[in-house]
Amino acid sequence: MEEIILILLGLIFGSFLNVVIYRLPQGKSVIKPRSFCPSCNKLIKFYDNIPVVSYFLLGGKCRHCKAEIPLRYPLIEAFTAFSFWLAYFYFGHDPLYTAFTILFVFLLIPLAIIDLTHMILPDELTLGGAVIFLGYSFFHPHITVANAFIAGFGSALIFAGLYFFYLKVRKIEGLGFGDVKMMLFLGAFLGLHNLLVAILLASFSGLLVGLFFIIFKGKNLQLKLPFGTFLALGSYVSVFYGMAIYRLVRSLFI
Ligand SMILES: [Zn+2]
């Protein structure tokens with residue numbers, strides 16, 4: 001029963017994430033006005049706004065102007081619902097930790113998509129998340145408060161160092177300052193070990209994607225990748241499998 005409720009909640013919150021992803025980069029309110037079609041500006045009726053279901057009932061088109069609704073919308077709704085269920089599946093025995101895991105991945109999803117599409121990481125999500133999860137570290141069952149603060153502020157400091165190094169020495173923005181703020185948020189919840197895994201996964205997947213674009217798409221080394229997207233992906237995996245990956249990597253080297 002709890003699982004069904006969480007999946008339904010995930011669908012509704014996923015629908016809200018679509019609004020966040022669309023409006024936050026434009027500096028618009030995510031609460032008002034109600035959802036409307038960006039093509040014909042008509043308000044979307046509640047029965048046309050049912051997560052996932054409406055997309056298929058409408059054949060992926062606006063009821064009025066027939067403008068195409070991006071496939072991203074039902075996908076994000078379904079993925080958010082899946083994430084809510086996954087948190088419950090792994091951590092359901094600890095309701096508070098489950099709730100904060102859900103909140104953590106709930107923030108990762110728009111960060112990943114907005115960085116991918118706009119190359120920005122909004123402060124509302126990174127710094128907002130940092131405040132929430134530094135506060136939560138006092139109740140975190142797996143890491144100490146010191147661990148959360150050292151992981152958050154320590155990694156942000158290292159990333160800030162890298163940011164200024166790239167800027168001054170190599171005269172390019174190797175990573176954005178949004179990544180620095182994002183580290184505070186990630187470290188506060190993941191702690192040192194899982195954060196290390198998240199950074200490893202992000203760097204490795206970023207490297208693979210970068211190589212792909214250089215080899216197959218003719219890009220050069222100046223290619224800019226949305227590192228926040230990779231950090232979000234790495235963190236998502238790390239929340240659920242961080243310790244297992246950490247032990248595996250360690251066993252390979254020690
Ligand atoms: Zn329309």
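Guide: H5 and H7 are roughly parallel to each other, a label given to angles under 35 degrees, while those over 145 count as roughly antiparallel, those from 65 to 115 as roughly perpendicular and the rest as oblique. The model is a predicted one, in which local features need pLDDT of at least 70 and side-chain atom pairs count only at pLDDT 80 or more, whereas totals for chains, interfaces and linings use all residues. Residues are numbered from 1 along each chain as its sequence is written, and side-chain values use heavy atoms, with hydrogens and water left out.

Helix H5 covers residues 123-136 and helix H7 residues 177-216, and the two pack at about 25° with their axes 8 Å apart. Helices here are DSSP runs of H or I with at least four residues (strands are runs of E with at least two), numbered from the N terminus. An axis is a line fitted to C-alpha atoms, for helices over the stretch in contact, and the angle runs from 0 to 180 degrees between N-to-C directions. The crossing of H5 and H7 is left-handed, meaning that the near helix is turned anticlockwise from the far one by less than a right angle, whereas clockwise would be right-handed. On the H5 side the contact (heavy atoms within 4.5 Å) includes Asp-123, Leu-127, Phe-133 and Tyr-136, and on the H7 side it includes Lys-181, Met-182, Phe-185 and Phe-189. By class, the contact of H5 with H7 has 10 nonpolar, 3 polar and 2 charged residues, where Ala, Val, Leu, Ile, Met, Phe, Trp, Tyr, Cys and Pro count as nonpolar, Asp, Glu, Lys and Arg as charged, and the others, Gly among them, as polar.

H7 also packs against helix H4 (residues 95-118), at an angle of about 155° and with the axes 11 Å apart, and H4 and H7 are therefore roughly antiparallel to each other. The crossing of H4 and H7 is left-handed. Residues of H4 in this contact include Tyr-97, Phe-100, Phe-104 and Leu-111, and they are joined by Met-182, Phe-185, Leu-186, Phe-189 and Leu-190 of H7. The residues of the contact of H4 with H7 divide into 11 nonpolar, 1 polar and no charged.

The crossing of H3 and H8 is left-handed. Phe-79, Phe-82, Ser-83, Leu-86, Ala-87, Tyr-90 and Phe-91 in H3 meet Tyr-236, Val-239, Phe-240 and Tyr-241 in H8, and the residues of this contact divide into 10 nonpolar, 1 polar and no charged.
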